[in-house]
Amino acid sequence: MKKLSLLFVLVATTLFGFKGIQSTTWLVDKAHSKLGFEITHLMVSDVEGSFKNFDAKITASKEDFSDAVVELSADIASVNTDNEKRDQHLTSEDFFDAAKYPKLTFKSTSVKKVGGNKYKVAGNLTFHGVTKPVTLDATLRGVITNPQSKKTIAGFKVSGTIKRSDFNFGAKYPNAMLSDEVVLNANTEFVKQ
């Protein structure tokens with residue numbers, strides 16, 4: 001019986017050209033990537049920051065990334081706004097509470113190509129102990145062979161907006177002091193494995 005099943009699979013593969021779907025993994029090149037955010041301060045200026053320590057991975061079987069799964073994690077304690085006092089405040093219980101919630105994570109649930117090199121990336125963002133669905137806009141900037149390393153790389157620009165109130169951080173600071181909306185932005189290079 002085993003031989004008959006094996007023979008059937010071999011014949012079906014030969015006759016119908018069936019090939020297993022192979023996924024490709026792409027890992028973030030941290031030296032050429034940035035995971036950032038900005039928030040409006042006192043309704044007159046935007047303060048920018050980033051997370052220095054983060055990892056990201058894309059898994060896709062289609063060359064156009066339309067079936068991709070995106071996974072990302074960032075160390076909250078690595079927040080950097082170019083102001084040490086503010087960074088310490090952000091990691092405190094007033095805002096991110098890095099001791100209690102040390103990671104930010106995102107995992108996509110769908111990637112939809114919406115035209116040309118534009119995508120909508122839906123997924124679950126976990127931040128400050130809260131998981132919420134978010135949708136991000138992504139632009140594929142290109143897929144090329146790096147002339148130095150000879151490896152295939154893909155560049156993406158990603159943006160989206162979340163609300164402080166949805167993730168329950170900085171609640172004691174009114175919207176007149178800090179906007180409820182926080183803009184997320186990332187410029188990334190991924191290396192094909």
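Partly exposed residues are those that fall between buried, under 20% relative accessible area, and exposed, over 50%. The model in these views is predicted.

**View 1. Lys 30 and Asp 55 form a salt bridge.** The closest N and O atoms of this pair are 2.8 Å apart. Asp 55 has a relative accessibility of 43%, so it counts as partly exposed. Lys 30, at 46%, also counts as partly exposed.

**View 2. Lys 57 pairs with Glu 71 in a salt bridge.** The N to O distance here is 3.7 Å. That value qualifies because the cut-off for a salt bridge is 4 Å. Lys 57 sits in strand E4, and Glu 71 sits in strand E5 (residues 69-75). The two residues are 14 residues apart, and their pairing links distant parts of the chain. Lys 57 is partly exposed at 32% relative accessibility. Glu 71 is partly exposed too, with a relative accessible area of 28%.

**View 3. A salt bridge joins Lys 172 to Asp 94.** Their closest N and O atoms are 3.3 Å apart. Both partners are in loops. Lys 172 is found between helix H3 (164-167) and strand E11 (178-192). Asp 94 is found between helix H2 (84-91) and strand E7 (103-115). The pair is 78 residues apart and links distant parts of the chain. Lys 172 has a relative accessibility of 57%, so it counts as exposed. Asp 94, at 25%, counts as partly exposed.

A general point applies to such views: side chains of opposite charge can pair when their charged atoms come close. The salt-bridge count comes to six. Among them are Lys 30 with Asp 55, Lys 57 with Glu 71, and Lys 172 with Asp 94.

**View 4. Ser 50 is a buried residue in a strand.** The strand is E3 (residues 45-51). Ser 50 has a relative accessible area of 4%, so it falls in the buried class. Leaving aside residues up to four places away in sequence, Ser 50 touches Lys 34, Leu 35, Gly 36 and Phe 37, along with Ser 78, Val 79 and Asn 80.

Definitions and conventions:
Residues are numbered from 1 along each chain as its sequence is written. This is a predicted model: local features need pLDDT of at least 70, side-chain atom pairs count only at pLDDT 80 or more; totals for chains, interfaces and linings use all residues. Side-chain values use heavy atoms; hydrogens and water are left out. Helices (H or I, at least four residues) and strands (E, at least two) are DSSP runs, numbered from the N terminus. Buried means under 20% relative accessible area, exposed over 50%, partly exposed in between (1.4 Å probe, protein chains only). Contact means heavy atoms within 4.5 Å. A salt bridge is a side-chain nitrogen of Lys or Arg within 4 Å of a carboxyl oxygen of Asp or Glu.
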